[in-house]
Amino acid sequence: MSETGKLTSENNLAKMYPELADMWHNDNNSTPSQVTAFSHDEAKWICKNNHIFTKKIYQMSTKAKK
Ligand SMILES: [Zn+2]
């Protein structure tokens with residue numbers, strides 16, 4: 001599955017969804033450029049209103065798709 005494929009400079013979260021990278025919580029063990037945009041791994045997020053929540057990365061990126 002491409003969703004869980006190899007990380008590249010083109011398919012990482014920071015590159016594909018900078019708006020989600022802005023919500024990336026510092027508690028995560030990796031950075032937005034170290035995960036693929038449609039990874040099924042869970043991550044911690046913080047929204048612009050300072051709500052902290054946990055959600056799988058692909059669930060965020062799928063929702064962010066225009
Ligand atoms: Zn919120």
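This note walks through the fold of one predicted model, from the overall layout down to a single residue.

1. Ground rules. Residues are numbered from 1 along each chain as its sequence is written. The model is predicted, so local features need pLDDT of at least 70 and side-chain atom pairs count only at pLDDT 80 or more, while totals for chains, interfaces and linings use all residues.

2. Layout. The chain has 3 helices and 2 strands. Both kinds of element are DSSP runs, numbered from the N terminus: helices are H or I with at least four residues, strands are E with at least two. Their order from the N terminus is α-α-β-β-α.

3. Overall size. The C-alpha trace spans about 30 × 30 × 15 Å along its principal axes.

4. Hairpin. Strands E1 (residues 42-46) and E2 (residues 52-56) run antiparallel, joined by 5 bridges. Pairing requires that DSSP finds at least two bridges between two strands. The hairpin has 5 residues between the strands, and Asn50 takes a positive phi near 65°.

5. Core. The largest nonpolar core has 10 residues, including Trp24, Phe38, Ala43 and Ile57. Such a core is a set of buried Ala, Val, Leu, Ile, Met, Phe, Trp, Tyr and Cys residues joined through C-beta atoms within 7 Å. Buried means that 20 or more other C-beta atoms lie within 10 Å of the residue's own, with C-beta atoms placed from the backbone. Of the chain's 66 residues, 20% are buried.

6. Ala43. This core residue has Lys55 as its bridge partner in E2. Leaving out residues up to four places away in sequence, Ala43 touches Trp24, Asn28 and Ile57. Contact means C-beta atoms, placed from the backbone, within 7 Å.

Terms used:
A residue is buried if 20 or more other C-beta atoms lie within 10 Å of its own, exposed if 12 or fewer, and partly exposed in between; C-beta atoms are placed from the backbone. Two residues are in contact if their C-beta atoms, placed from the backbone, lie within 7 Å.
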